[in-house]
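Trainee: I would like to go through this structure and ask what stands behind each label. Can we start with a helix?

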Amino acid sequence: MATVAGHLSLDDIASAADRDLNYETPILRLLSTSKAKGYDTVCIPLTNEKWRARWKKMCLSPEDEAEKDDNTERISEAWRSNPAFLREEVNVTRLDEAENTIVMLSDWLELDSQDEWVRCDAETALMQELSYASYLNVLVAVLPPPRNRAHIPSYARAIRACLEKIPYMHLSVRVPVYDPVIFQPVTPTPRCGSPSPSIDSLVASGVSATSSRSMSFPHTTEEEFNSTWEMWDVIRTICESHPRLSLTLDLSPPLPLTAGVLDKWLAEPTRQIFLPASTFIANAKSYPVLPKGTQAFIREIMKLQPTIILSGTNTGQHSRGGEKSYFQYIRHLEKTSPGVQAMKKSGTVENFAIGYQDYLQAPLQPLADNLQSATYQTFEQDPIKYANYEEATFRALLGWPKTDERILLCVAGAGRGPLVARALKAISRAKREAFVHVVEKNPNAFVTLQERQKTEWRDQVQLHFGDMRTLELPDKVDILITELLGSFGDNELSPECLDGAVRFLKPDGISIPSSYTAHIAPLSSTKLFNEVRGHEDLKKPETPYVVMFNAVNILSGEGGDGNTGSRIQECWEFVHPTKNVVLNERGLPVTNSHNSRFANLNFHIPHAGVLHGLAGYFEAILYGSVGLSIHPQRKDYISKDMISWFPIYFPFKDPLYLPGNSELHVSMWRLTDQQRVWYEWYAEAFLPVMIPVLDWTVDRASASLTAISTPLITPSPTIDALDVPPVVNKTEIPRIPNESSRTETRLVKVGQTALHNPGGRSSWIKL
């Protein structure tokens, strides 16, 4: 559940100080009042205007040089050497005032000022404020916002220094979701000037939500939407995605109706959402509501359970509803959030995965390890998977030719027997005479199978203990049923296991599943990147993980120039029974080379983002039109609410920045020897660039040399300039370019990853 915080302004604090009530301090009174109104916590400015005035006097020289005061300079240097507050400059002084609160640091501090002296003094002041907040045991501090793109590296360096010097505290950078007006390079701030105005006044001077009830963005470029994210990306990169660095996303500006460029914020560590009353508009009944674009974004981001900071709700911005209506409206958006609804609905994968979102789990190794009974029990909670298996078996039985012989089935890898029970139900529904062979190698699970045969199945089945790859059955079977799929389809060695199990089939026998495909998409997630990086084991960044994705963004999109595929693309397919494989005398493949695979996929990246890894999915055809899928775009049509598989995550050791409208080329391998199977992965980023192409013709009218320079400057510094036409001999006929010069699109490489897991050095699945 999201946390809702009330933002206390300096005016609120001053007003509380003027009232004679039974509270020890104005802050305690405001805390009590906010709690009574239903707020979970409050957001308090740490300092006040007295601190700003003193800092300005110490750190900004007067415009008139004659007004310089040597005493002030001495005071300034004394402060720089030992920064400290005066009592009247801070709003919070006690532990009980700071407990469970969010503090906002002075938002007028210019860590990215054009003037390096201002930057230096602002950093000193910021460290002073953080030190004082740490003294009060504050856990979350909202930092002053960045303003000047040209000096964002200086801002980020200062924040990194604070993270290294201030322990435990989470630092949150307040960034508007976009603002092309505010974040233009500011005019240089001389040391004799004054610091920039606060972020609130800057936002107020721009476009307000009230004036943009039906606002559209026909002329807004992606660069303008991306400007603040690009600033955040610099900060995050210089701070090396520090786990205590997060975002306070300011939604003061109105948002577009299409998500697109906004989705990237879902993959960032967005801990707080700042929502001033001015963002709200009045509905037909004059109650405050959010513009539709902002509504949609809030509903989507609610799955991350952020803290919503409501500001200015007591200032009478709207004529009806009062302060409480803003709070109630936010709770309404949360209740109607699709992600929140899915988490609360029993039987959904989102509900099943509560507590496991973005949690890294190692894939199972069912051939190397014998699973625990509790693991089997977890998988057996999935009614969708087993219902589809039953339906596939039922249809296969109906389609089997009717003869006097009974139909023989085999459930290979039966575990504790759920597929056996479903096969027997399918036989009963189809009203066909059939018998089931049951194969299991886990000696512990085999005990459970014996118990179920004794109490439930009796003579309808025959149990066989052993590995399906080497075991022999007394009879060839008509239908083979297996449950060997992993999150990537083949990552739990289904192809290798079925190479042995298909020996049980008659030549015209049916395998359930009959085929399965693996799919990938490029993914951004600061949370997952930090989870992988947090492991001391150097092998972890080259290990695939099973993950229930939550705070992620799929970077790819549909479209492109025809050289790219769909948003989520297929890597490869396995079909069973496998054809054209060389077998030995026992009917087993001589080598495992036929199960190697390679894919080279090109993705269109419509919006700038940071690549952290690859998301992997699978789809399987059980029989006919019955299947299983965790493909995000098709799962609800094939096996809605199936909970047995989370996606798989192939991490990259280092983030890779992808520009908007770029291409990502991904190479993926499934490799094998006689003992192991492993994956290797690699990616390259390219940017399409228009290159002039000249059609050269012969100038037969001239016998002299004509030096022709490069006609156009190439649009990218990473491309070599077009060569000047070579000097020709006097006896040769020179060529000149036609006036009808044209351009063509070429790809310029802008980045690449390392090859991950070469030779299976870090992760593999044992055969």
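Mentor: Start with the covered side of helix 16. Its buried residues are Pro418, Leu419, Val420, Ala423, Leu424, Ala426, Ile427 and Ala430. Keep in mind that this is a predicted model.

Trainee: What do the buried residues of helix 16 pack against?

Mentor: The helices are helix 15 (383-399) and helix 17 (443-457). The strands are strand 11 (407-412), strand 12 (434-440), strand 13 (461-465) and strand 14 (477-482). Packing here rests on contact, which means heavy atoms within 4.5 Å.

Trainee: How do you know that the span of helix 16 is close to the expected one?

Mentor: Helix 16 runs over residues 418-430, 13 residues in all. The expected span is 1.5 Å times one less than the number of residues. That gives 18 Å for helix 16, and the first C-alpha to the last also reaches 18 Å. After the helix comes lysine 431, with a positive phi near 55°.

Trainee: Why is histidine 604 called buried?

Mentor: Buried means under 20% relative accessible area. Histidine 604 has 9% relative accessibility, so it counts as buried. Histidine 604 sits in strand 20.

Trainee: Which residues is histidine 604 in contact with, leaving aside neighbours within four places in sequence?

Mentor: Leu555, Ser556, Gly557, Glu558, Gly559, Gly560, Thr564, Asn661 and Ser662.

Trainee: What makes strand 20 and strand 24 a pair?

Mentor: Pairing needs at least two bridges. Strand 20 (residues 597-605) and strand 24 share 9 bridges, in the antiparallel sense. Therefore they pair by the definition. In one of the facing positions, arginine 597 stands opposite arginine 670 of strand 24.

Trainee: How many bridges link strand 24 and strand 25?

Mentor: There are 10, again antiparallel. Strand 25 covers residues 676-693. Methionine 668 has tryptophan 681 in strand 25 as its bridge partner. A hairpin of 3 residues joins strand 24 to strand 25.

Notes: Residues numbered from 1 in each chain as written. Predicted model: local features only at pLDDT ≥ 70, side-chain atom pairs only at ≥ 80, totals over all residues. Heavy atoms only, no water. Helix = DSSP H or I, 4+ residues; strand = E, 2+ residues; numbered from the N terminus. Buried < 20%, exposed > 50% of the residue type's maximum accessible area, 1.4 Å probe, protein only.
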